[in-house]
Amino acid sequence: MNDDSTIYTGKATPDAAADRGWLLGHFKDPSDPRHSEDVEIKWGVHTKGDARERWATAEKRTALLVLISGRFRLEFPGRTVVLSEQGDYVLWGRGVDHSWYAEEDAVVLTVRWPSIPGYRVDEPDSR
């Protein structure tokens, strides 16, 4: 981190690995320049076969997901969207249930707004 507390420089992959992929949002410490209640940004690195643990329901945010590399599938009620070329994206609004699946190793950038607590899928128990 830079000496100036309003500037942060980093690398998406290692920074994201420290917080389940999330680079910016309400969940960062308020003293961190990456804290925001307006928007959340995620750098998602997924290996082939990664899937969302369960559907996100009763969504209260709008989301934009952009494919950086690989092949990534999003499931919505009654519709499937496959992102297969760099720059392909999908946007969905509040109230749209969804899930996802990495058809190949993939990197995706997700932007959600506003940044509000909830909808977290906890890691499976390792018991």
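**Close-up views of a predicted model**

**View 1. The five-stranded open sheet.** Five strands form an open sheet in the order E1-E2-E8-E3-E6, and their pairing is antiparallel. The model is predicted. Strands E1 (22–24) and E6 (89–92) lie at the edges; each has a single partner strand, so one side of each is left without a neighbour in the sheet. From one strand to the next, the twist averages 20 degrees.

**View 2. Strand E3 and its partner E6.** Strand E3 covers residues 62–69 and is joined to E6 by four bridges, the two strands running antiparallel. Two residue pairs can be picked out along this pairing. Ala-63 of the pair Ala-63 and Trp-92 stands opposite Trp-92 in E6. Val-66 has Tyr-89 in E6 as its bridge partner. E6 is one of the edge strands of the sheet.

**View 3. Strand E3 and its partner E8.** Seven bridges pair E3 with strand E8 (residues 106–113), again in the antiparallel sense. Opposite Ser-69 stands Val-107 in E8. In the strand order E1-E2-E8-E3-E6, E3 stands between E8 and E6. In a regular strand, side chains alternate between the two faces of the sheet.

**View 4. The salt bridge between Asp-19 and Lys-28.** Side chains of opposite charge can pair when their charged atoms come close. Asp-19 and Lys-28 meet through their side chains in a salt bridge, with an N to O distance of 3.2 Å. Lys-28 has a relative accessible area of 9%, and because buried means under 20%, Lys-28 is buried.

**View 5. The salt bridge between Asp-32 and Arg-34.** A salt bridge links the side chains of Asp-32 and Arg-34, with 2.7 Å from N to O. Both Asp-32 and Arg-34 are buried.

View 6. The closest N and O atoms of Glu-40 and Arg-61 are 3.2 Å apart, and the two residues form a salt bridge. This pair links distant parts of the chain: Glu-40 belongs to strand E2 (residues 40–46), Arg-61 lies in the loop between E2 and E3, and the two are 21 residues apart. Glu-40 has 0% relative accessibility and so counts as buried. Arg-61, at 1% relative accessibility, also counts as buried. For the model, the count of salt bridges comes to eight.

**View 7. The whole chain, for orientation.** Of the 127 residues in the protein chain, 33% are buried. Among contacts with a separation of 6 or more, 65% are accounted for by residues 24 or more positions apart. The protein chain has an accessible surface of about 7,800 Å², and 49% of this surface belongs to carbon and sulfur atoms.

Conventions. Residues numbered from 1 in each chain as written. Predicted model: local features only at pLDDT ≥ 70, side-chain atom pairs only at ≥ 80, totals over all residues. Heavy atoms only, no water. Pairing = 2+ DSSP bridges. Axes fitted to C-alpha atoms, helices over the stretch in contact; angles between N-to-C directions. Salt bridge = Lys/Arg side-chain N within 4 Å of Asp/Glu carboxyl O. Buried < 20%, exposed > 50% of the residue type's maximum accessible area, 1.4 Å probe, protein only. Contact = heavy atoms within 4.5 Å. Areas by Shrake-Rupley, 256 points an atom, 1.4 Å probe, with all protein chains shown as cover.
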